[in-house]
Structures are given as C-alpha cells and as structure tokens.
Amino acid sequence: METVVSGIRSTGKLHLGNYYGAVKNFVQMQHEYNCFFFIADYHSLTTHPTPQDQHGNVKQVLVEYLAAGIDPEKATIYVQSDLPEIVELYLYLNMNAYMGELERSASFKDKVRANPDNINAGLLTYPVLMAADILIHRATKVPVGKDQEQHLEMARTFGNRFNRLYKTDYFPEPYAFSFSNQLVKVPGLDGKGKMGKSEGEANAVYLSDEPEVIRKKVMRAVSDSGPTEENQPKPEAIQHLFDLMKVVSAPDTLAHFDGLYNNCQIRYGDLKKQLADDIITVTAPMREKIHAISNDTSYLRQVALHGALKARESASKTIKEVREIIGFKEF
Ligand code: ADP
Ligand code: TRP
C-alpha cells in the first residue's frame with residue numbers, strides 16, 4: 001500500500017484554505033492508504049512562538065484535525081516534535097542541499113520580503129525539513145495545496161541526490177496529491193491573493209468561526225458595482241467569490257449565479273448570502289466537534305501518544321537503514 005504524509009504548521013486555527021487544500025484530502029485518503037498526518041511544530045519555530053503559544057497551537061491543530069474527520073484508528077496522527085528521527089534525517093539531507101537552490105525557493109523569497117528582520121537559517125532550510133518529514137516514512141503521495149508544489153519538487157531533488165550519492169534507490173519520489181486532480185488554491189476574502197493565516201483576520205474563514213462571524217466576513221468581502229455588459233470577463237475580486245463558491249457550494253448554485261452574472265442581473269448581496277450559508281453548512285459540524293473535544297485532555301493525550309508510537313516505529317526503521325547506507329558502523 002502506498003504511503004501518504006502531510007502536515008500543517010501549528011501557527012493557529014485552520015481556515016477553509018487548509019481544509020480544501022489539505023485536510024479534506026486527508027480524510028478521504030485515510031480509507032485507502034497508509035497515512036501519516038502530523039502537526040508541524042518544528043516548522044513553526046521559524047517565527048519564535050512563546051512556550052505558552054507553542055503548546056496551545058499544537059493542541060488547536062490536533063483538535064481541528066480530529067473535528068474535520070481524521071480518524072486516529074485509521075490514520076497515524078502525531079506531533080512532529082515527538083519524532084527526533086526527523087531532525088536526524090534533516091541533518092543528513094542538509095549536507096546535499098545547496099545555498100543557491102534554497103535561496104531561489106519562492107516561499108523563502110516571500111518570507112524574506114515579509115520579515116526582513118528574521119531571515120534565519122531555519123527559514124532557508126525549511127524545504128529540507130519538509131523533505132525529511134516526507135522521506136522519513138518513504139512516502140509517495142503528499143496531499144497539499146497548490147502553494148506547496150515547489151517544496152515537493154525540492155523533496156524529490158533531495159531524495160534523488162541522496163540516492164545518487166550512495167548508489168541506492170532507497171527513497172521513492174514523493175508527489176503532491178489532490179483527489180480533484182488539480183491542486184487547490186482557495187482565494188481569500190480581500191479580493192487579492194490566497195486565503196492564509198498571515199493575510200489578516202478578515203481574509204480567512206476559520207473552521208471554528210461562529211455563523212454570525214462567517215456572515216459578517218463574507219458580506220464584507222471585496223466586490224464591485226457589477227457587470228455592465230453581457231458575458232464580460234470577471235475582475236479578480238469577483239472571480240475569487242465565484243472560486244470560493246466553486247469549492248463550498250453545489251454545482252447548480254454556482255451555475256445559477258454564473259448565469260445571473262453573464263446577463264448582468266447579479267446582485268452580489270444575494271451571492272454573498274448564499275456563499276455564507278453554504279460555508280456555514282460545511283463548517284457547522286466541525287465547529288461543534290471542536291467545542292466537544294477541545295477540553296477532553298485525556299482523549300487528546302491518548303491520540304497523541306498512540307500516534308507518536310506508530311509514527312516512531314516507521315521513522316526509526318528508516319533512520320536505522322539510512323545510517324547503514326551512509327556507512328555508520330558500530331565498533
Ligand atoms: P497558511 O498558508 O495559512 O499559513 P499552511 O502554510 O500551514 O497555512 O498550510 C497548510 C496546508 O494548507 C498546506 O497543504 C497548504 O498548501 C494548504 N493551504 C493553505 N492555504 C491554502 C489555500 N488558500 N488554498 C489551498 N490550500 C491552502
Ligand atoms: N510546508 C507546509 C506548509 O506550509 C507544511 C508542511 C511541513 C508539510 N512539512 C510537510 C506538508 C510535509 C506536507 C508534507 O503548508
């Protein structure tokens with residue numbers, strides 16, 4: 001059976017982009033593959049969270065994974081920092097990751113632009129750590145959103161380089177995966193780019209948002225005064241509203257509003273009301289489950305312990321074999 005690995009950084013609440021880009025695929029994949037889903041808390045250290053925030057954020061993502069439908073009996077759910085084997089593999093891979101290629105990564109350049117005061121080495125080698133996350137279980141499928149495609153390409157490069165250096169075929173090639181065949185990019189509500197945690201509170205709809213909050217955010221989303229000619233192309237912000245509708249609403253609903261747009265009869269207030277209702281329908285069961293389990297410490301502890309045990313079994317096997325390949329030997 002093919003092995004699947006994916007993770008989400010523990011930097012806050014999950015939003016619709018995380019859900020449709022990654023978590024929804026996790027839920028479907030757990031029935032068909034050998035799945036490892038983790039909470040990327042080593043990765044979150046690039047932003048220097050306080051010890052208090054660190055634990056709270058990990059717990060939040062664990063609760064939301066479970067609320068979204070990941071079943072700890074089917075998939076292995078674990079916290080990345082429970083697997084020190086990942087750090088060891090990261091060190092080995094770093095020996096064959098080159099400054100030039102790391103500096104050229106699009107996400108590194110974005111981070112440098114956004115935080116010129118905190119360009120640390122962890123940020124530069126972020127794709128190496130991500131490759132270690134995947135290669136530690138020798139996974140071939142990685143459910144992620146479109147923004148992670150370049151990181152997957154780098155993971156293949158690092159794995160292949162290791163194989164060439166040691167004349168082995170130990171690491172298989174991992175590829176980004178989505179059930180919809182195309183990697184997903186969920187737009188934000190600000191009319192500009194993707195939905196993301198760092199784009200401001202109003203840009204993202206969180207799985208834990210109350211219905212009134214969702215309505216308010218959607219009604220305030222950027223739009224314009226409406227089309228003036230039949231079948232005219234949609235400006236970016238309007239296209240984003242339709243793209244959001246494409247992920248959360250029924251195909252008929254999308255077709256209905258598309259028709260209204262094309263014959264200039266659309267009222268964006270109606271579209272937004274429908275969009276908010278459809279988002280609420282999707283998120284309500286998850287929000288309820290988040291409330292139900294977030295204080296169940298003994299359940300959460302049991303899930304994390306069980307997951308760490310299963311994940312370490314796989315990771316320690318890889319590390320043992322990698323050490324042999326590299327040539328470490330006991331005297
Ligand atoms: P954020 O971008 O909000 O900080 P992460 O970088 O932790 O979230 O992303 C976690 C997962 O969610 C990744 O697989 C990423 O591709 C996916 N993801 C994040 N935002 C979006 C989006 N707007 N559309 C599709 N997938 C997304
Ligand atoms: N880099 C991913 C993101 O920002 C999170 C991540 C870390 C990840 N390690 C991974 C995703 C391994 C898939 C596999 O979204």
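Let me start with a term: buried means under 20% relative accessible area, exposed over 50%, and partly exposed in between, with a 1.4 Å probe and protein chains only. Phe177 is buried by that rule, because its relative accessible area is 16%.

Now the ground rules. This is a predicted model: local features need pLDDT of at least 70, side-chain atom pairs count only at pLDDT 80 or more, and totals for chains, interfaces and linings use all residues. Residues are numbered from 1 along each chain as its sequence is written, and side-chain values use heavy atoms, without hydrogens and water.

How many aromatic pairs does a search of the whole structure find? It finds 12. Rings of Phe, Tyr and Trp (its six-membered ring) pair if their centres lie within 6.5 Å; planes under 30 degrees apart are stacked, over 60 edge-to-face, the rest tilted.

Take Tyr33 and Phe177. Their ring centres are 6.4 Å apart and their planes stand at 70°, so this pair is edge-to-face. Tyr33 sits in the loop between helix H1 (16–29) and strand E2 (34–40), Phe177 in strand E5 (residues 175–177), 144 residues apart. Helices (H or I, at least four residues) and strands (E, at least two) are DSSP runs, numbered from the N terminus. Tyr33 is also buried, at 15% relative accessibility.

Next, Phe242 and Tyr261. Centres 6.1 Å apart, planes at 80°, so edge-to-face. Both residues are buried.

Tyr261 has a charge too: the charged end of Lys234 sits over its ring, 5.1 Å from the centre. That term needs NZ of Lys or CZ of Arg within 6 Å of the ring centre and within 35 degrees of the ring normal.

Notes
Chains lettered and ligands numbered in written order.
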